[in-house]
Amino acid sequence: MLPVKQPFMEVECYRSYIDDLYSSNMEKCMEAIVCLKNSVIGSNRQKSSVLSQGVVPRLMQLLGDCSVPVQMKTEATVTLGSLAKGTDQHVQSLIELGIVPLLLSGVTSSDQKYTEATLRCLSTIFQSPNAPVSLIFMDSIIVPCLLNLTTQSVTCQVCVPAILAAACKTPEQQGFLIQEGAVPVLAQLLCSTQSLVQMNALTCLASLCYQNPTVAACVAQARCLEIHEPCFVDKSMPDLLFMLMAQDRPSDMQLAAARCITFLHRAGAFSADDPKILYRTLPCLVRLCKKDRPPLQRAQAAETLAYLTEVDIELQRTASISNHLVPTLSDLLKHPVVHIGSRAPAAIVEQEIKTSTEMRQAAFRAFASLGANDEDIRKKIIETDNLMDHIVTGLQDPSPKVRLAAIRCLHSLSRSVQQLRTTFQDHSVWRPLMQLLQGASDDILTVASSTLCNLLLEFSPSKEPILESGAVDMLCDLTRRKDPALRLNGIWALMNMAFQAEQKIKSQILNTLGTDQMFRLLSDSEVDVLMKTLGLLRNLLSTKSHIDYIMNLHGIQIMQAVVLILEGNHSAEVKEQALCILANIGDGDSAKEFIMSNEDVLKKLQDYMAHSNVKLQVAAIFCISNLVWREESGAVDRQARLKEMGVYKQLQQLIMTTDTLLFDKVKTAMTQFSEA
């Protein structure tokens, strides 16, 4: 009979102290809170039950009542902290009830136990990605109060940096923390004898200096003044971090310190050839990727290594030959995946899926960074067993983060001409790539379309099947997107597609894109978009028959576009491209007449022949050469017309130039005139 009566007795007892929680008798209410606290410790089921009973608003009411004894507030806060240690749903419920503002009011209490309970609860809630962490910056006294609390107790030293780390997300917030004196406080916490204090200080320091050169410079100059460990006497912050990466330190501390040094380096605090990077941070991160480390730690080390090496080719080269890094990273991709529906407990399955996901993401990101610039490194990466199979699988991974990391890796490797011709074709990577582009987020779309640009290069065997799979429509759609990066990738890919393409492909591009959109792109505020649009026009207007065909259909609009650029307030590089388009038009047979019949354009060519910029002179004279080429029909009439305008006299004056390239172009043009 016990299994039947026990739940009944639990319910009766539960109802009793829930009722007492609302009692006006402070003693009864206090006992009810203690019972409630004891009931929810370690039991997610009890936490769910308490939350569903609507008890939290009563606890919040007690916290906000000035007449309630501080001891009762402390017990209520401890209970709320226990509820916050439940599931994500439990934390979300607390957040939605508005618990954070009430807790923040508790950090200014003069009662240390109440303050510590408040800090513990806040640090737990702030681990949620949905926590309103920015609230600590709404009241100007909160941050100074939190920083001052670090002198009170170890609990405060553990919780305060954890809270600040979670809340520090924007440059403005980083700057505010610096202004309030966070750096010297963190320097002191790094010297603590308590490892958890040091760990949370390192996490906070990483958040503080991430992508912020001003903060990084401040951190690099900070020193530890009050010493708890003799070895930290008068050390700078970077020196402290260097010491915390020593192999006799816990590996999670080594990793946290390496992340700080990495963020300081990327924010410009010191260079890539600094000994702290080359001889401690890089080897430390490589070592922490090894198989003997915990899986999540390996993933975090690989992620940090990816960020450290992302933009520096020498660091990429050094890392690639360090301690068998490439096969070590490859091993991260082989971590066994636990599938939903397995017999393991749901919590374990969920954690294993998260771990496997983070390991794959980290490996792909690290490979992307290592292979960003050096062909030999790319070759070494691609030759790793089954890597391309892993990438193709990663492109179809259920996790958006893994898909994004896999496409970043593919993008990095796609810079290799050799691999485009061999490995990429062998594995038909264009198929999952094109599938990925359908309905993808902007993040994935940006990297995937950039990769597509490389796959559409003239020498890539993937170019033809990509064309057949409807790429033109998709790329033209990209040029209409609000995101400049997507517009750039769309027009860039079309430019590559048009290079040495058949006439039908060029016509398809022009017809799909439309001249109206072409004009919009030529008026784009992003110079790179404008340059690639001009590059597309140059590639479309190549090969005599293609030039004549396209100009016959779209000549008026194209000439208007060129004049628009030449008359606009553009750089010499932009105008040079427009002049090169005219030179291509001048290389056609019938297309030449679009220039010769346009007095304004001819005068513009003369103006640019006399320009102070040599590149513009060269481009203009190249166009003149094509117009007067003596072997082509009608050359005599065109030469006579241009001589009448004074073009030949200009060439005679320019022949005295000391610029060798300009001299060659002038000589070629004059030869055509003289032999006509």
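This is a predicted model: local features need pLDDT of at least 70, side-chain atom pairs count only at pLDDT 80 or more; totals for chains, interfaces and linings use all residues.

Student: Let us start with helix 12. How many of its residues are buried?

Tutor: Eight of the nine residues of helix 12 are buried, which leaves the helix mostly covered. The buried residues are A182, V183, V185, L186, A187, Q188, L189 and L190.

Student: Which residues make the contact?

Tutor: Helix 12 contributes V183, A187 and L190, while helix 15 contributes M237, L240, L241 and L244. By class, the residues of this contact are seven nonpolar, no polar and no charged.

Student: What about helix 4 and helix 7? At what angle do they pack?

Tutor: Helix 4 (residues 56–64) packs against helix 7 (residues 99–106) at about 30 degrees, and their axes are 10 Å apart. Helix 4 and helix 7 are therefore roughly parallel to each other, and helix 4 passes helix 7 in a left-handed crossing.

Student: Which residues are in contact there?

Tutor: M60, L63 and G64 of helix 4 meet I99, L102 and L103 of helix 7. This contact divides into five nonpolar residues, one polar and no charged.

Student: Now helix 33 and helix 34. How far apart are their axes?

Tutor: The axes of helix 33 (residues 515–522) and helix 34 are 8 Å apart, with a packing angle of about 135 degrees. That angle makes helix 33 oblique to helix 34. From helix 33, the contact uses M518, L521 and L522; from helix 34, it uses V529, L530, T533, L534, L536, L537 and L540. Nine of the contact residues are nonpolar, one is polar and none is charged.

Student: Changing topic: how many disulfides are there?

Tutor: A search of the whole structure finds zero disulfides. For C453, the nearest cysteine sulfur is that of C476, 13 Å away. For C623, the nearest is the sulfur of C580, at 9.5 Å.

Student: Are C453 and C623 buried or exposed?

Tutor: C453 counts as buried, at 3% relative accessibility. C623 is buried too, with a relative accessible area of 0%.

Student: Let us move to helix 24. Where is V402, and what does V402 touch?

Tutor: V402 lies in helix 24 (residues 400–413), and at 0% relative accessibility V402 counts as buried. Not counting residues up to four places away in sequence, V402 touches T357, R360, Q361, F364, G394 and D397. V402 and T357 are 45 residues apart in sequence, yet their C-alpha atoms are 6.7 Å apart in space.

Student: And S412, what is in contact with that residue?

Tutor: S412 is also found in helix 24. Leaving aside its neighbours within four places in sequence, S412 is in contact with F367, A368, G371, A372 and R378. S412 counts as buried, at 2% relative accessibility.

Student: Last topic, the backbone. What is the phi of H324?

Tutor: Phi of H324 is near 55 degrees, a positive value in a residue other than glycine. Most residues other than glycine have a negative phi. H324 is in the loop between helix 19 (313–320) and helix 20 (325–332). With a relative accessible area of 59%, H324 is exposed.

Student: What about T543, and where is that residue found?

Tutor: T543 is not a glycine either, and has a positive phi of about 75 degrees. T543 is found in the loop between helix 34 (527–540) and helix 35 (544–567). At 47% relative accessibility, T543 counts as partly exposed.

Methods: Residues are numbered from 1 along each chain as its sequence is written. Side-chain values use heavy atoms; hydrogens and water are left out. Contact means heavy atoms within 4.5 Å. Helices (H or I, at least four residues) and strands (E, at least two) are DSSP runs, numbered from the N terminus. Ala, Val, Leu, Ile, Met, Phe, Trp, Tyr, Cys and Pro count as nonpolar, Asp, Glu, Lys and Arg as charged, and the others, Gly among them, as polar. A disulfide is a pair of cysteine sulfur atoms within 2.5 Å. Buried means under 20% relative accessible area, exposed over 50%, partly exposed in between (1.4 Å probe, protein chains only). Axes are lines fitted to C-alpha atoms, for helices over the stretch in contact, and angles run from 0 to 180 degrees between N-to-C directions. Angles under 35 degrees count as roughly parallel, over 145 as roughly antiparallel, 65 to 115 as roughly perpendicular and the rest as oblique. A crossing is left-handed if the near helix is turned anticlockwise from the far one by less than a right angle, and right-handed if clockwise.
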